[in-house]
Amino acid sequence: MALKRGHLDLIIYGAFVAVILVAPLWLDDFWVNRLSKYLVYGMLGIAISLSWGYAGILNLGQGLFFGAGAYMLAMSLKLASPTSLQSSDTPVPDFMLWNSEPGAVANLCCINRVSFLWIPFQHQWFGLIAGVALPSLIAGLLGTVLFRRRLAGAFVSIITLAFVLMIRLLVIEEQPLTNGFNGLTDLALLTIGNFQFDPYDRATYYLVAVSLSLALIGARLLVGTRAGLILQGIRDDQARARCLGFNVPAFQTLFFSVSAAIAGLAGMLYVVVAQFASPTFLDISFSITMVIWAAVGGRSSLLGACIGAIVINMIEATASETAALLDLWKVIIGLIFVLAVLFLPRGIAGLAGSVGDRLFAMWSRGRGQAELPSGAAQPAE
Amino acid sequence: MIDVAFIGLSIGAILLLVSLGLAITYGSMGVINMAHGEMVMLGAYTNVLLGIWLNVGFLAAIPVAFMATALVGFVIERLVVRRLYGRLLDTMLATWGIAILLQEAVRLDLGLSLVGINIEGLGKGLQKVAAPDWLAGVVTIAGVQINAYRGFIILLTAVLTTATWILLYRTPLGIQVRAIMRNPKMAAACGINVERVNALTFAYGSGLAGIAGVMMSGFMTVSPEMGAPVVVDGFLVVVTGGLGSLLGTVWSAGILGEINGFVSSVTTDVVARAAVFAVLILIIVFRPNGLFSFRAR
């Protein structure tokens, strides 16, 4: 059986998964923790690529889903933390005690007017499930409203942008519920069964790496299904898809929610790795920055966007720690953003795709096979 | 009641001042310029530097800031933006990179801090400019006490809006701009130098941001990061007003300013801003073309 261009993609995906799984063998604990953070960002790259590259929906509020996932798990971990068990036998987050009115009962039911919302988070599983369910639910509702009204392009981007800004303000304002600007810190370690995930432990790295691999492969398989192909048809010509009888808003909402769920999962993993959740996750700059990671990596390639996120963050970390570049690393990042948009509109993956096509064509010619049509027409994986 | 309305009006005036430039670059040219906020920041720094080095008055800073930021805008258009016409979302990403570069330029004293030279007035820290004495007090008009600085902002915004309207609708250049806005290829075929007009329009929009920066430096601390929140507000105003509609931008800035003023008078500033975002989202969802939009032919 002849080697096909599609097989090459599978090999590359497999190679990437293999690399991230064996990487800790050469890294010390500090770098393992760091790399796990970047893999979480890589997962955000996948989420962006899925909605932007495949569905044509540029979500400038992806940080909302990331933040929702992060806060849901962080709330559970906060209640499990020793800092929440100071006053009574039922857990109460320390910041609620500090800010409670004199004479308030130190119990989640009624220490302040919104604390009851924390009650279900006493079960860690509730936090874990809500971390994916809440982002998908928000995306489902938002998507239903937006896509039913046939909004597209920049309008969706601007609405998601305004939405995340609004939620950020409310999260900061609702100090009794969310601890405002300070976010949630002093969290317990994620414990599953009897195993604790220490952020500097290799087990945590593998938790992130395996989740990333599953998300990557799952998303790759999803875009290859019939629904995924219809979605790409919608991206390329919405009116045509509608006239062919497809329920356009349903497909868009579905993929928007899947993308949100991946971002929510990334948020939860970030909490496990970094041990905090804060309103900075909802900053506009974070949401836009992750879009640029995907743009640099290659918006229409799940793996490209993922690698783009990992690579930019590694460059950023290296540059910000090199004494000579200490003041210049942000300039470097800014330049990468501008130059990538100008000269690499399809990102690193696009570049790699064209190089791969050429090599493949040479290889097949060498074997006396007919040259396959160039991969330029299909999205580079 | 009237004083609250006045505060809302002045918030709206600042919004409009920031949005005017965007209404032109985004509404007319289809460029999402995320570096617009940094133009505001550069305008504010122009005022800071002029105050320190030349000690010229506030009024003199306005035209200088206009020229300086217009020049920066012109260079950005020539180097980057002109390669991206027709790629709306890419303009946003590239100009976000430019915004980072401009912030760093100020933070690193134009790069001189790397060789150990520091320019007074630039750098990482916060800068403060006092509003001029003649705008410090309050003016009483028809029994209502009005903060003179806010009043001046409203006045200046009105003048600039009128000037922009005249430029767009009553001059040969404006006709060319509007022709390009409707159909760039047709405009080029009719002999309009599209590249030149686009560069000038972009420079003008950036210059307006510079003036907004001078005005904002009078009541805000000036820092390299000050521009970032401004630009998002500006976009929302322009989209709500309707792309390509100057009148729409004026109305939406006014309405949003008033909502902000009234809601913050009964609750807090934060809730007021959240309310403004909520209203914006609803308007864009239900009237995606904005309150006022021209009909494309």
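Modeller: Start with α8(B). At 1.5 Å a residue, its 24 residues should span 34 Å, and the end C-alpha atoms lie 35 Å apart, so the two agree. The expected span is 1.5 Å times one less than the number of residues. Helices here are DSSP runs of H or I with at least four residues, strands are runs of E with at least two, and both are numbered from the N terminus.

This is a predicted model, in which local features need pLDDT of at least 70 and side-chain atom pairs count only at pLDDT 80 or more, while totals for chains, interfaces and linings use all residues. Residues are numbered from 1 along each chain as its sequence is written, and chains are lettered from A and ligands numbered from 1 in the order in which they are written.

Of the 24 residues of α8(B), 19 are buried, so this helix is largely enclosed by the rest of the structure. Buried means that 20 or more other C-beta atoms lie within 10 Å of the residue's own; exposed means 12 or fewer; partly exposed is in between; C-beta atoms are placed from the backbone.

B:C190 has 10 C-beta neighbours inside 10 Å, so it counts as exposed. From B:C190 to B:L114 is 76 residues in sequence and 50 Å in space, C-alpha to C-alpha.

Chain B also has a helix pair to inspect. α2(B), residues 36–54, packs on α9(B) at about 130°, with the axes 7 Å apart. That makes α2(B) oblique to α9(B). Axes are lines fitted to C-alpha atoms, for helices over the stretch in contact, and angles run from 0 to 180 degrees between N-to-C directions. Under 35 degrees is roughly parallel, over 145 roughly antiparallel, 65 to 115 roughly perpendicular, and the rest oblique. The crossing of α2(B) and α9(B) is right-handed. A crossing is right-handed if the near helix is turned clockwise from the far one by less than a right angle, and left-handed if anticlockwise. From α2(B), B:H36, B:G37, B:E38, B:V40 and B:M41 meet B:G227, B:A228, B:V230, B:V231 and B:G234 of α9(B). By class, this contact has 5 nonpolar, 4 polar and 1 charged residues. Contact means C-beta atoms, placed from the backbone, within 7 Å. Ala, Val, Leu, Ile, Met, Phe, Trp, Tyr, Cys and Pro count as nonpolar, Asp, Glu, Lys and Arg as charged, and the others, Gly among them, as polar.

Now the chain contact. In chain B, 32 residues touch 35 residues of chain A. On the chain B side, α4 (88–107), α9 (227–241) and α11 (269–286) each supply at least two residues. α4(B) gives the most, with 11. That side has 26 nonpolar, 2 polar and 4 charged residues.

One helix pair spans the two chains. The axes of α6(A), residues 154–173, and α11(B) come within 9 Å and cross at roughly 155°. That makes α6(A) roughly antiparallel to α11(B). The crossing is left-handed. Among the residues that meet are A:F155, A:I158 and A:F163 of α6(A), and B:V270, B:R273 and B:F277 of α11(B). The contact of α6(A) with α11(B) divides into 19 nonpolar, no polar and 2 charged residues.

Inside chain A, compare α12(A), residues 284–297, and α14(A), residues 329–343. Their axes come within 9 Å and cross at roughly 50°. The two are therefore oblique, and the crossing is left-handed. A:I292, A:A295 and A:V296 of α12(A) touch A:I336, A:F337, A:A340 and A:V341 of α14(A). This contact has 7 nonpolar, no polar and no charged residues.

α13(A), residues 302–321, has 20 residues and reaches 29 Å between its first and last C-alpha, close to the 28 Å expected. Its buried residues include A:L302, A:C306, A:I310 and A:N313.

Two loop residues in chain A deserve a check. Most residues other than glycine have a negative phi. A:N179, not a glycine, has a positive phi of about 60°. It lies in the loop between α7 (175–178) and β1 (190–192) of chain A. With 24 C-beta neighbours inside 10 Å, A:N179 counts as buried. A:Q275 also has a positive phi, about 70°, and is not a glycine. A:Q275 is in the loop between α11 (248–274) and α12 of chain A. With 17 other C-beta atoms within 10 Å, A:Q275 is partly exposed.

Technical notes
Two residues are in contact if their C-beta atoms, placed from the backbone, lie within 7 Å.
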